[in-house]
Amino acid sequence: MSKVPKKISTSELNASPKYAGFTLLECLATLSMLSLIFLMLSGVFTQSQEINRRIQGRQELEWHVFLVQLENQFALGTFKSVGKSELVFNRTKLHEGKQVTFAIKRSQDKQAVYLSDNGGVEPLLTQVTNLIFERQGNTILFTITFTNGEIKSGQWTIPQASRYCIYLSHFND
């Protein structure tokens with residue numbers, strides 16, 4: 001009796017360890033998909049860095065505008081008092097000639113520093129989580145913390161005979 005060779009099915013060929021693995025075509029397809037994914041991720045990373053740079057530039061510009069506005073407010077009035085989170089001045093209204101009080105404060109709900117003037121409100125700085133004023137002798141120190149964690153500070157010397165001066169510095173947390 002002669003033995004007839006048994007036919008091997010394709011499912012048995014695929015199941016045998018001798019033929020296990022990926023084809024070259026499957027490997028190339030996978031590598032090309034991975035390279036596309038990494039290319040998209042690098043684009044997103046680059047774009048996020050650009051957005052962050054623009055936000056920082058806008059915040060720096062807003063800080064300098066705030067300092068100019070603060071200096072103008074100091075020039076218009078006379079120092080009255082300072083609290084932990086507000087700076088109060090008196091000034092004479094131009095058209096009416098009467099004395100009014102105005103203050104620079106931080107809004108709790110809108111995360112902004114604003115000028116409160118006789119019932120009106122004018123925003124000076126946005127995206128602020130904390131504002132601290134501290135008096136040391138003839139100097140008012142102020143520190144502002146932004147929502148992104150950046151901290152900026154400055155100082156104002158209370159004028160003697162209507163002279164005033166602002167010294168500025170800033171640092172990151």
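The strands concerned are β2 and β3, which run antiparallel and are joined by seven bridges. On the other flank, β2 pairs with β1, again in the antiparallel sense, over four bridges. There, F79 stands opposite F89 of β2. Three residues separate β1 from β2, and the two strands form a hairpin. How many residues of β2 are buried? Five of the seven are, and β2 is thus mostly covered.

Five strands make up an open sheet, in the order β1-β2-β3-β4-β5, with antiparallel pairing. Its edge strands are β1, residues 78-82, and β5, residues 120-126, each of which pairs on one side only. From one strand to the next, the twist averages 25 degrees. At the β5 end, strand β4, residues 112-117, pairs with β5 in the antiparallel sense through six bridges. Within that pairing, S116 stands opposite V121 of β5. Helix α2 packs on this sheet and touches β2, β3, β4 and β5. The direction of α2 makes about 140 degrees with that of β5.

One side-chain arrangement deserves mention before we leave this region. R91 lies over the face of F102, at 4.4 Å from the ring centre.

I turn next to the aromatic residues. A pair of aromatic rings is described by the distance of the centres and the angle of the planes. The count of aromatic pairs comes to eight. One of them is formed by W63 and F66, a tilted pair with 5.7 Å centre to centre and 35 degrees between the planes. Where do these two residues lie? Both are in helix α2, residues 24-76, three residues apart, which is about one turn of the helix. Are they buried or exposed? W63 has a relative accessible area of 2% and F66 one of 1%; the cut-off for burial is 20%, so W63 is buried, and so is F66. These two residues also belong to one aromatic cluster together with F133, F142 and F146.

Two members of that cluster, F142 and F146, bring us to strand β7, residues 139-146. This strand is antiparallel to β8, and seven bridges join the two. I140 stands opposite W156 of β8. The strands β7 and β8 form a hairpin with four residues between them, and G149 in the turn has a positive phi of about 95 degrees. Why is β8 described as largely enclosed by the rest of the structure? The reason is burial: β8 spans residues 151-157, and five of its seven residues are buried, so the strand is largely enclosed.

Finally, a word on confidence. The chain averages a pLDDT of 79, and 80% of the residues score at least 70. Among the elements, strand β6, residues 128-136, has the highest mean pLDDT, at 90, while strand β9, residues 165-171, has the lowest, at 48. Over residues 162-173, pLDDT stays under 50, although the model has 37 contacts beyond four places in sequence for this stretch. Where pLDDT is low, the predicted coordinates should not be read in detail. Thank you.

Notes:
Residues numbered from 1 in each chain as written. Heavy atoms only, no water. Buried < 20%, exposed > 50% of the residue type's maximum accessible area, 1.4 Å probe, protein only. Pairing = 2+ DSSP bridges. Phe/Tyr/Trp six-rings, centres within 6.5 Å; stacked < 30°, edge-to-face > 60°. Lys NZ or Arg CZ within 6 Å of the ring centre and 35° of its normal. Axes fitted to C-alpha atoms, helices over the stretch in contact; angles between N-to-C directions. Contact = heavy atoms within 4.5 Å. pLDDT = per-residue confidence, 0-100.
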